[in-house]
Amino acid sequence: MRPKSRADFAIAIICALPLEADAVEGLFDEHYDRLGQHYGKQPGDANAYLTGRIGQHDVVLSYMPGMGKGSAASVTSSLRVSYTGIQLALLVGICQGAPSPSKHQEIFLGDVIISDSVIEYDFGRRYPGGFRRKTGVLDALGRPDREIRTLLNGLRGSRPSAELQTQVLRHLRTLQQLEERWEHPGVDDVLFDASVIHRHHELGSGVRCCCLEGGSLNDVCEDALDMCCDELGCDRNQVIRCRNRLEADKVATHIGTVASADTVMKSGKHRDEIVKKEKMIAFETQGAGVWDNVSCIIIKGVCDYADSHKIESWQAYAAATAASAAKAFLEYWRPLQREDVSKERHLMIPFRRNPRFVGRQQEIAEAEERISIADGPRIVAVTGLGGVGKTQVALELAYRMRDQDPDCSIFWIPCTSYESIQRAYMAIAQLVGLQGVNPARIKEHLQAYFSSPDSGKWLLIFDNADDLDIWTKGDSKTPPLKNFLPRIDKGHTGSIIFTSRNRKLAVRLVSADVILVPELDHDTGLELLKRSLLRSESLLVDSQTATTLLKQLTFLPLAITQAAAYINENGIALADYLLLLQEEEADVVELLSEDFSDDGRYKDVQNPVALTWLISFHQIKRIDPLASDYLSLMACINPRNIPHSFLPRPASKKRIVEALGLLSAYSFITTQPGEGSITLHRLVHLATRNWMKKEQRFSLYVRRAASQLSEAFSQHDHANRPLLRQYLPHAIFLIREDEFRSQQQRYIDYMHNADTCLDGDARYHEAEDLLVQVMNIWKRVQGPEQPSTLISQGEILH
């Protein structure tokens with residue numbers, strides 16, 4: 001019986017080449033649907049599918065649009081969105097064999113490789129002494145799940161292995177009866193020594209070629225790349241192994257580690273170095289992209305030996321042996337019953353997995369640990385500055401939970417507004433089968449559902465839970481949302497994750513189970529920039545410019561992604577974007593306000609970094625006007641090392657603590673312990689100034705900041721000098737502000753006193769410039785012959 005819906009398919013087969021897909025389709029026992037004519041697919045899914053039956057299994061065959069790990073990851077991610085019941089993916093096609101992985105078993109062309117693990121041999125760092133692959137637990141791809149490992153170990157035995165190979169040959173004969181192209185190519189299987197380069201060895205008179213005239217043995221011309229070994233005259237004396245066509249009936253299967261990368265291996269020497277170090281048996285270019293998204297086995301036929309010698313004649317035969325092995329393997333595989341799958345999980349995740357996600361391994365590991373504690377609270381909040389990547393951390397965690405735990409349902413609730421939460425709750429109710437529920441009471445029904453042990457294992461993700469009032473206060477008509485959270489009692493298997501810009505709210509929701517997400521470190525920021533750029537090779541050419549750009553963007557992921565989008569759209573270099581960031585403040589704000597497409601963010605939320613904090617500014621203003629007042633004052637002066645005493649003192653010290661605490665909770669400021677200085681985040685400083693100007697409040701706060709500094713500098717005696725030194729950078733910053741200059745004659749004494757401090761610190765050049773400014777004001781206000789003007793002139797001459 002055909003499956004009723006896409007959710008009933010448990011097996012996926014992924015092929016990168018049409019040749020590979022043709023071989024797999026040739027072994028279908030029944031066809032259901034081509035290109036989604038019957039079963040369809042989810043909106044936004046660009047994949048092409050063919051469905052049918054292989055043996056007892058309902059199978060969906062997915063075609064890849066191109067080669068490489070990125071394409072494979074994108075296809076697999078979309079596949080999981082449309083076919084939610086997939087338990088196992090087989091990556092079937094052709095690969096490059098490692099001819100001598102061990103002393104016990106040789107690999108020949110046409111043999112089949114079955115993976116038990118995958119390494120990304122191009123994932124690491126390039127050091128002066130060479131390339132070093134990342135091998136840490138958090139950097140490496142995981143093993144298959146226990147059921148797959150058990151099956152693979154069973155197939156390693158001599159008798160099961162022989163039975164498997166017999167089945168492979170049987171299916172191969174079926175294919176070959178359908179079409180001649182799947183036949184053995186009828187040529188000898190030749191392996192050259194790794195040192196032999198596939199290149200011209202001699203040419204006719206008058207013919208010039210880099211193979212012979214190049215400065216390196218590795219120089220190979222384009223013509224040589226398109227010629228076979230017999231045409232080039234590759235030295236047969238350097239052949240280390242040759243299997244003639246009379247042994248064509250032999251197809252062996254090999255289980256072991258497969259190396260995956262974006263580049264095709266075409267160097268025998270490099271191949272042998274990696275084989276010796278990594279103990280792997282084959283090379284290919286898609287496995288790492290699939291492996292990290294779904295339980296996966298790579299089944300591929302060997303079409304060449306990962307060296308420079310061209311032998312395309314083996315590709316069709318290798319594709320046929322791989323397809324035959326995939327069908328034989330499925331005869332041993334027993335997925336969970338469909339009715340069990342439907343009970344196990346529901347998935348409601350609004351975004352695809354982010355292929356550019358980097359770093360954050362510590363934060364993810366900590367979150368996984370806290371929500372997995374058997375008798376613990378199993379509730380955690382991820383908090384940090386807007387744009388730092390909290391949603392992306394939660395998204396990556398959701399997909400890891402999906403892949404690691406087939407029993408866990410995952411529900412994502414966007415909290416950008418009360419209405420978005422309500423819509424998500426209604427969708428969840430429908431998904432879990434709560435029929436006829438009154439929308440006004442949907443929260444109570446879902447609270448009861450998830451509080452029941454019968455709800456099974458689940459994870460709720462409340463993303464962008466920023467509004468303190470919605471969650472902790474409510475209003476006359478609506479109780480606070482915190483009251484409707486499920487109870488996670490002992491023995492329950494539910495977990496909750498919040499993401500929030502507001503650390504105060506996070507603490508009220510989860511107590512001490514808060515995970516702070518900081519800005520990226522240098523290496524991770526560089527990797528994000530590399531993955532986001534169309535032409536990432538520029539990073540290698542000008543790494544210093546890249547580092548400077550990242551510092552200007554404060555290693556904030558949103559700012560990096562926005563910068564990369566602008567660079568990609570306009571085809572400019574990193575240095576060009578860096579120059580734009582050094583323009584006048586208004587131009588920089590305009591640059592950072594440029595909208596850009598980001599599939600991992602909500603459509604109704606501002607994407608640009610200069611606008612992303614607007615909602616936070618309004619929330620702070622509503623929650624605590626004093627905090628908003630402090631933020632506005634600090635935006636008028638230098639953002640670094642602001643003395644506590646600069647801020648106006650209310651009647652209660654508690655109010656100061658709470659106001660600064662709120663700004664710190666939003667990660668807008670960092671403070672030194674005690675009465676130490678305050679530093680306002682550089683991009684927040686810029687965005688706040690832009691917000692104040694749009695709100696027509698900037699001029700007011702410039703005057704207030706000038707009054708605060710004027711009062712401080714009115715007491716410029718020697719005992720007060722240490723404090724004035726702390727104020728001096730802020731005094732100079734404000735004096736240079738255009739808005740201040742329009743009203744500077746009001747603060748002539750303040751400017752003169754600041755000049756005196758500069759002079760006292762032996763900063764004579766700056767003091768002279770400021771004194772000239774003071775003298776010009778006196779000339780304009782009181783005339784050139786007034787005593788104040790003459791005194792200023794005398795001080796300049798002195």
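The model is predicted: local features need pLDDT of at least 70, side-chain atom pairs count only at pLDDT 80 or more, and totals for chains, interfaces and linings use all residues. Residues are numbered from 1 along each chain as its sequence is written, and side-chain values use heavy atoms, without hydrogens and water.

Across the whole structure, 28 salt bridges are found. A salt bridge places a side-chain nitrogen of Lys or Arg within 4 Å of a carboxyl oxygen of Asp or Glu. Arginine 370 pairs in this way with glutamate 366, with the closest N and O atoms 2.4 Å apart. Both residues sit in helix 12 (residues 361-370), 4 residues apart, about one turn of the helix. Helices are DSSP runs (H or I, at least four residues), numbered from the N terminus. Glutamate 366 is partly exposed at 25% relative accessibility; this class lies between buried and exposed, the latter being over 50%.

Other salt bridges span the sequence. Aspartate 469 meets arginine 622 at 3.1 Å, N to O. Aspartate 469 belongs to helix 16 (residues 468-472) and arginine 622 to helix 24, so the pair ties together parts 153 residues apart in sequence. Lysine 693 bridges to glutamate 585, with 2.9 Å between the closest N and O atoms. Lysine 693 lies in helix 27 (residues 682-694) and glutamate 585 in helix 23, so this pair ties together parts 108 residues apart in sequence. A network of salt bridges links Arg353, Glu396, Arg400, Arg402 and Asp403.

How values were computed:
Helix = DSSP H or I, 4+ residues; strand = E, 2+ residues; numbered from the N terminus. Buried < 20%, exposed > 50% of the residue type's maximum accessible area, 1.4 Å probe, protein only.
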